[in-house]
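Subject: A structure for you to look at

Hi there,

Here is the structure I promised to pass on to you.

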Amino acid sequence: MRAKNYLKKFIEGIPKAELHLHIEGTFEPELMFKIAKRNGVNLDYKNIEELKRAYNFSNLQEFLNIYYAGCNVLINEVDFYDMTWEYLKKAKEQNILHTEIMFDPQTHTDRGIMFATVITGIHKALTDAKIKLGITSKLIMSFLRHLPEDSAFETLGQAVPFKDWIDAVGLDSSELGHPPSKFERVFQKAKEEGYLIVAHAGEEGPAEYVTEALELLQVDRIDHGNRCLEDIAVVNDLVERRMALTVCPLSNLKLRVVEDLTKHPLKEMLDKGLFVTINSDDPAYFGGYINENYIEIQNALDLSKEDIIQLAGNSFKASFLNKIEKSQMMNKLKEFTD
Ligand code: HPA
Ligand code: ZN
């Protein structure tokens, strides 16, 4: 019991980076109701309790339906600012030094919200976080894979005036039936424009989608990647490339990618030499921010203090920071662990 408490405190204090976080997935019910009222928008749920009761998902699609519905209340730049700022305050409390957040422009532009409104609100909060909280960040623009290729191309075009604010492009939403190959040409163009590349693959989709992300999209990092374990050739390829995977334990539990955290493959991934990190994905919906993800998976898999140090170190090494910034962060980690 004492050992458990000690590791919990250790996890809470250890400096870390978050690399897989959908900013729309940090939208807490309390703030959602507040902004809905401010904007005169009706939610389908009478109150916070009723909304929270709906957070009981059987798969990714059931979650996405509720996640997109929640986004309907986001109208003005200040709404995007407030949502992002709330997350960043939480990140500070949890000793996140650096965060790489995703946003889904199409979720908003498809409702008639301007691309500029969305990105300006998020960007202003990220700038304030650097100044007021000392948290650095990167921004990842993610395409919705259930929409057609031309919509992703259109979004890439809308991003041009804001290129300096965007570091990478990603691919999220409903995975099954929407393989990475559907977006090969969009990612080719994004790469030519100088963006780094990430993609969700192997969350619900097969190991083959991980290979497609590697070979067709030429990703710099894979989001999730769990199902790579079903094909040893894919595992070996990931290890050889030293390709980082952004694993999200509580997300996997809530979306029933695993039936129980004790059956989560994180330890197996570490043992196979995969370059894994721990992240929260959509913390407002999945029952915990990054520290809760570390604490619950540590508990379920009986991870050691050394495992935790390795995972926190991996989070900096797998980030899109430059070499000097990475070594500064690793020094802070070392100061904490020594
Ligand atoms: N998976 C895929 N798409 C998403 C997710 C996720 O966990 N969260 C928000 N969009
Ligand atoms: Zn995700």
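Predicted model: local features only at pLDDT ≥ 70, side-chain atom pairs only at ≥ 80, totals over all residues.

F183 sits in the loop between β4 (168–172) and α9. Is this residue, F183, buried or exposed? F183 is buried, as its relative accessible area is 0%.

Next, the helices. Two packed helices are described by the angle between their axes and the distance between the axes. Helix α8 (residues 149–158) and helix α9 (residues 184–192) have axes that come within 9 Å and cross at roughly 15 degrees. Angles under 35 degrees count as roughly parallel, and α8 and α9 are therefore roughly parallel to each other. The crossing of these two helices, α8 and α9, is right-handed.

Now to the metal. Which residues coordinate the zinc ion (ligand 2)? They are H20, H22 and H200, each through NE2, and D281 through OD, at 2.0 to 2.2 Å. Along the chain, the donors follow the spacing H-x1-H-x177-H-x80-D. H200 lies in strand β5 (residues 196–201), while D281 is in the loop between β8 (275–278) and α14 (283–286), so this pair ties together parts that are 81 residues apart in sequence. Both residues of the pair are buried: H200 has a relative accessible area of 4%, and D281 has 2%.

Why is the arrangement around the zinc ion (ligand 2) irregular? The 4 donor atoms subtend angles of 80 to 173 degrees, which makes it so. To count as tetrahedral, four donors need all their angles between 85 and 135 degrees. For reference, the ideal angle at a metal with four tetrahedral donors is 109.5 degrees.

Last, the cysteines. A disulfide is a covalent bond between the sulfur atoms of two cysteines. How many disulfides does a search of the whole structure find? The search finds 0. C228, for example, is in no disulfide, and the nearest cysteine sulfur to it, that of C248, is 14 Å away. Seen from C248, the closest cysteine sulfur is the one in C228, and 14 Å is too far for a bond. C228 is buried, with a relative accessible area of 0%, and C248 also counts as buried, at 0% relative accessibility.

Enjoy exploring it!

Best wishes

Technical notes:
Residues numbered from 1 in each chain as written. Chains lettered and ligands numbered in written order. Heavy atoms only, no water. Donors = N, O, S within 2.8 Å, 3.2 Å for Na, K, Ca; no water. Tetrahedral: all angles 85-135°; square planar, octahedral: opposite > 155°, others 65-115°. Helix = DSSP H or I, 4+ residues; strand = E, 2+ residues; numbered from the N terminus. Buried < 20%, exposed > 50% of the residue type's maximum accessible area, 1.4 Å probe, protein only. Disulfide = S-S within 2.5 Å. Axes fitted to C-alpha atoms, helices over the stretch in contact; angles between N-to-C directions. Parallel < 35°, antiparallel > 145°, perpendicular 65-115°, else oblique. Left-handed = near helix turned anticlockwise from the far one by under 90°.
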